[in-house]
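Hello,

I am handing over the structure we spoke about. The notes on what was found in it follow below.

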Amino acid sequence: AKSDGGGQYRYFEEEMNRASQRRVTAEHRIRHALETDQVELRYQPQWFVQSNEFSVEALVRIRDSEAGLLLPAEFIDVAEDTGLILDIGEWVLREACAQMARWRLNQIGIKRVSVNVSGRQLERMDFVSVVQSAVNDAKLDFTDLELEVTESILIVDAESAARKLAQLSELGVTIAIDDFGTGYSSLSYLHRLPFDLVKIDQQFVSGIGENEASEAITRSVIDLARSFGKQVIAEGVETKAQLDHLRAMRCDAMQGFLLSRPLTAEKVTAFIKHSKPD
Ligand code: C2E
Ligand code: CA
Ligand code: CA
Ligand code: CA
């Protein structure tokens with residue numbers, strides 16, 4: 001039994017070492033990517049049904065010489081833990097604004113560019129001025145920008161988060177609640193946040209047409225949001241059946257592989273031109 005326990009301990013230790021090794025590698029990759037311009041953005045179109053307009057959501061990737069293009073699942077957690085998310089987040093914000101300015105300059109009709117914001121960014125005292133300078137430096141209007149935050153931002157310091165979002169909202173920035181329905185907060189908390197849009201999480205959307213619970217949740221989120229005067233966007237729309245159900249429920253906007261995968265900026269331009277022939 002004694003040697004058994006020792007073996008188990010050694011196994012545990014090896015696992016720990018492997019895990020920490022992976023973290024160190026990931027951290028190194030992120031730093032290296034930031035220093036060498038290997039951070040990239042893809043943009044996924046969001047289709048607004050009534051107006052037939054498109055916004056785009058900026059999604060971050062890291063170019064790795066060996067592994068290719070890394071998805072957020074492979075580095076966001078480490079970035080959050082190490083604080084590197086602050087650097088990545090600011091880079092994403094500035095690049096998304098700069099790209100939006102290029103689209104504006106070329107008269108590519110895009111409603112807004114939407115940027116994911118981590119709780120750690122929002123915690124920063126200077127978050128509002130970071131956003132302001134990104135918008136101003138790109139010579140954009142605040143109404144060109146949307147920020148996506150999750151309900152989890154309410155856990156840390158709800159009051160200060162709400163205050164900062166209110167300031168940005170006052171300036172004209174659109175605020176969206178991301179992954180709606182997956183967090184802990186109840187609607188009674190949510191009403192404290194100034195927001196314009198809710199994004200129904202993919203897990204509910206994928207159940208539409210397949211299980212009644214997902215459909216009921218989606219329907220009630222849409223109805224409730226509407227009664228508050230908020231818009232609803234469904235994410236992860238993959239099938240025509242889901243799209244049809246969502247339209248019937250009067251969901252305001254759709255995002256998902258059915259419409260488009262995340263695209264490079266050049267491909268967004270082609271996508272918009274194609275969707276709106278003049
Ligand atoms: P999210 O904000 O919920 O973004 C949606 C994710 O779903 C994206 O994954 C997108 O590529 C994927 N997706 C879109 N449509 C479909 C679909 O029809 N089917 C399926 N199966 N997936 C779809 P991605 O790009 O890998 O990003 C994952 C998460 O990483 C994001 O989830 C977001 O939480 C985070 N993230 C991405 N970019 C940033 C960023 O710049 N900053 C921060 N803080 N987080 C980011
Ligand atoms: Ca998002
Ligand atoms: Ca989401
Ligand atoms: Ca999600």
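A pocket here is an open set of points on a 1 Å grid over the protein atoms alone, where a 1.4 Å probe fits, with protein on both sides within 12 Å along at least five of seven lines. A molecule sits in a pocket if more than half of its atoms lie within 2 Å of its grid points.

This is a predicted model, in which local features need pLDDT of at least 70 and side-chain atom pairs pLDDT 80 or more, while totals for chains, interfaces and linings use all residues. Residues are numbered from 1 along each chain as written, chains are lettered from A and ligands numbered from 1 in the order written, and side-chain values use heavy atoms, without hydrogens and water.

Ligand 1

The largest pocket is the space that ligand 1 takes. Strand β2 gives four residues to the shell around ligand 1, the largest share. By class this shell holds nine nonpolar, six polar (Gly among them) and six charged (Asp, Glu, Lys and Arg) residues. Of the 21 residues around ligand 1 (a heavy atom within 4 Å), Q44, R61, D178, E238 and F257 come nearest.

On its own ligand 1 exposes 800 Å², and the protein buries 80% of that (Shrake-Rupley method, 1.4 Å probe).

Donors are N, O and S atoms within 2.8 Å of a metal, or 3.2 Å for Na, K and Ca; water is not among the atoms, so sites may look incomplete. The calcium ion (ligand 2) has E57, N116, E148 and D178 as protein donors, at 2.2 to 2.3 Å. N116 in strand β4 and E148 in strand β5 are 32 residues apart, a pair that links distant parts of the chain.

D179 lies in strand β6 and E235 in the loop between β8 and α10, 56 residues apart. Which residue bridges the two calcium ions? D178 does, and the ions lie 3.8 Å apart.

Regards

Key:
1 Å grid on protein atoms, 1.4 Å probe; cavity = no way out; pocket = protein on both sides within 12 Å on 5 of 7 lines; lining within 4 Å. Helix = DSSP H or I, 4+ residues; strand = E, 2+ residues; numbered from the N terminus.
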